[in-house]
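Please open the structure in the viewer and keep the selection panel at hand.

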Amino acid sequence: MIRKLDDLFVLNTDATTYAFRVTNGGHLKHLYYGKRITFDNGDVSFLEEGRELPPGNTSYYSDAHRHISLEYLCTEMSSRGKGDLGETFIDVTFPDGTGTTDFLYEGYELGTGSPNLDGLPSSHDGGAKVENLTVTLKDSHTGLTLELSYFVYADCDVITRSSRVVNSLSESVVLNRLMSSQLDFADGDFTLHTFTGGWVNEMHRNDIPVTSGKYINSSITGTSSNRANPFVMLSKGIADEEHGDVYGLNLVYSGNHFECAEKTIHGKTRILNGINPEGFSFVLEPGDSFIAPESVMTFSPIGYGGMSRNMHRFVGHHILRGQWEERPRPVLLNSWEACYFDLSEEKILGLAQQAASLGAELFVLDDGWFGQRTEDTRSLGDWHPNPDIFPEGLASCVNKIRDMGIDFGIWVEPEMVNVDSDLYRAHPDWVIDIPGREHSEGRNQRLLDLTRTDVQDYIIEAMSGVFSSADISYIKWDMNRVFSDVHSRALPPERQGEVYHRYALGLYRVMDALTKKFPHILFEGCASGGGRTDLGMLCYFPQIWGSDNTDAICRADIQEGYSYGYPLSVISAHVSTVPNHQTGRITPMETRYAVASFGLLGYELDPGKLSEEELTQIKEQIATYKEWRDVYFHGEFYRAGSSAGLANAEPTTWTVVSPDKSRAIGMNLQGLGKPYSHFEFYKAAGLKPGSLYEISTSPSFDEGSEKYIVRGDALMNAGIRTRTFLHGTHINDEIRHYPDFAATLFYIRER
Ligand code: DGJ
């Protein structure tokens, strides 16, 4: 709910309050963001500093307002030149070369509905009432207009923000940066938590005390990137999974992003997020406007766990959309680690047949099926099936697969071209490169220039051709390089700073067109694994391949990293063969399944190379997953213990609980086996304290299995002592052997 009380704006979600007011100087002063509080009227003097500006070398705002220094003031947006020395929200260059701005309050508008950001993806109301507020400000000297918009998702305790600059002047201006949101706190003691990594190594949590100065989390790869995910957390004082004040911030954007946490010497803390100002500038002609992507903010007083569950609800109800939003996702078998580029129709049909007999619902043909793509140096752009693989065409092969009772999906990488391709030979000017300069290739390929409408139209047409050429129900949309030599032939020199953002807008136009044209297709986003795991992609594609690393131990860390900001229902995870192709590690089949089941389950191996015993195991796993899939998909997720560091003393514990709390699945995963460690605890979470639950390692609660009947409060607080659960096996009567990387799943149902 949004209320205006005199000069005060109060935005309430079910459990949080966000408040700011207009000062008598006309600035927007941020007052509060945290646990829900009550303002009876507009008198907020109890939150004012109530003291004169301390002496020193701080500049005061103006003669009429000698008591105001923008260096001290907590604001809703900051700008350069009038005393605020912190990281700035907006940066503009005017025709006279100056860059000082001073945005003052002009008016406001209240409304209902989710954002419409003109070509940028954004959240949707999901059937709920979303109240919004837009505050208009104008630069006191030039009249340049800035709008700050707020959207309240009360049920998720999420507030989203966006900003828009309108060039209301008669000359052009250059926009050097426009952030999406700014959060100022008068006090400090914050820790910034970022999630960084790289290829096969995504989403490692970093805890950075914001003691003094600035810490920047950003990407300049042209994508949201696996280097630094745009999701960050800010915790206050001491926080853990269940306790403490935790803020979560994310961006509905897939291009270069920027998050900055700063603490001044006066103790003020600021966090900003938005498009990365590095490599960015935008020329705004008179009447033009520029919209910054939507920023998503949440607060929880009950630790990282509470914050994550707010974000999960928000993503599930207000980011995902379309036919697949609520639909359980098919268990799949993907050809990549089974075949790589070594494909033939016989192999494809063999894999699909085995997938079907194991109970998988979808066979996915990965890279290598088109042009002359027998290695990664050629054919990207030539989107017609390789006749050596499909002598009777793709559709005929797909029909044979469909006859096996299984769906068919296929891999594409539409944004790319190899120099060795018919597409490049026909359109060498369609790429991002700098004419006359040697190009720094990435995976032997170049980016198509998606800033261009003709290139976007070509991709829409080429992909429409592929998607309608056979009975295709799933698409894996890959993107395998970082940007280099950034330049578009379609833009004049003064607009080259627009390339990154225009590329993102072009991509969104293409994805929007294709997802609308093929609403029945399940799209999975991928960028060398998790290089574009962000809320922008999720507005179009309801799931993402989180990492090319399929090693269960690494994956547990990676998936746990994602789980802070993204629900289990959007990250796909595959069981692969051992030794693992990325790490060489051998982990038990149970462990590989346990970890992958806490995602959208798939298999990425050649069943023909497995033993009968392993095939039986997989069959049982798939059957179990189907029975419990709705719990994983719709459930609330709880982390406990620590993540799966190899020599961890404690196991990683995860629990997912169905919305009505009648069913749950838990997992204990250990790193290195611990000698003489006969008992582990498993503590559930999120259950009804007073209800009676049955817990077993058997998904069907078999008579012979080890099981207990326990009250929810006992299961959650005391936990159960697991005896055989970590696959402890007797070597002889004396010695019990606890293998490395063992995992146990616990199935829980209300009696
Ligand atoms: C990178 C992806 O992340 C992999 O899963 C696979 O699809 C390869 N590309 C294919 O080239």
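The model is predicted: local features need pLDDT of at least 70, side-chain atom pairs count only at pLDDT 80 or more, and totals for chains, interfaces and linings use all residues. Residues are numbered from 1 along each chain as its sequence is written, and side-chain values use heavy atoms, with hydrogens and water left out.

**The ligand**

Next, display the side chain of aspartate 367, in which an N or O atom is 2.6 Å from an oxygen atom of the ligand. For lysine 476, the distance from a side-chain N or O atom to a ligand oxygen is 2.7 Å. Arginine 443 places a polar side-chain atom 2.8 Å from an oxygen atom of the ligand. On its own the ligand has 290 Å² of accessible area (Shrake-Rupley method, 1.4 Å probe), and the protein covers 98% of this area.

**The largest cavity**

Select His27, Leu28, Leu70, Thr75, Glu76, Met77, Ser78, Ser79, Asp84, Asp102, Phe103 and Leu137, which line the largest cavity. A cavity is a set of points on a 1 Å grid over the protein atoms alone where a 1.4 Å probe fits but cannot get out, and lining residues have an atom within 4 Å of a point. Its volume, the space filled by probe spheres set on the points, is about 120 Å³. The lining has five nonpolar, four polar and three charged residues.

**Helix H10**

Move to residues 589-597. Eight of the nine residues of helix H10 are buried, so the helix is largely enclosed by the rest of the structure. Buried means under 20% relative accessible area, with a 1.4 Å probe and protein chains only. Among the buried residues are Met589, Arg592 and Tyr593. Helices are DSSP runs (H or I, at least four residues), and strands are runs of E of at least two, numbered from the N terminus.

**Two single residues**

Which loop holds glycine 546? Glycine 546 sits between strand S28 (543-545) and helix H9 (552-563), and is buried at a relative accessible area of 0%. Finally, select isoleucine 618 in helix H11 (residues 612-634); isoleucine 618 is buried, with a relative accessible area of 0%.

Methods. Buried means under 20% relative accessible area, exposed over 50%, partly exposed in between (1.4 Å probe, protein chains only). A polar contact is a pair of N or O atoms within 3.5 Å; within protein, one must be able to donate a hydrogen and the other to accept it, and residues adjacent in sequence count only if both atoms are side-chain atoms. On a 1 Å grid over the protein atoms alone, a cavity is a set of points where a 1.4 Å probe fits but cannot get out, and a pocket is an open set with protein on both sides within 12 Å along at least five of seven lines; lining residues have an atom within 4 Å of a point. Ala, Val, Leu, Ile, Met, Phe, Trp, Tyr, Cys and Pro count as nonpolar, Asp, Glu, Lys and Arg as charged, and the others, Gly among them, as polar.
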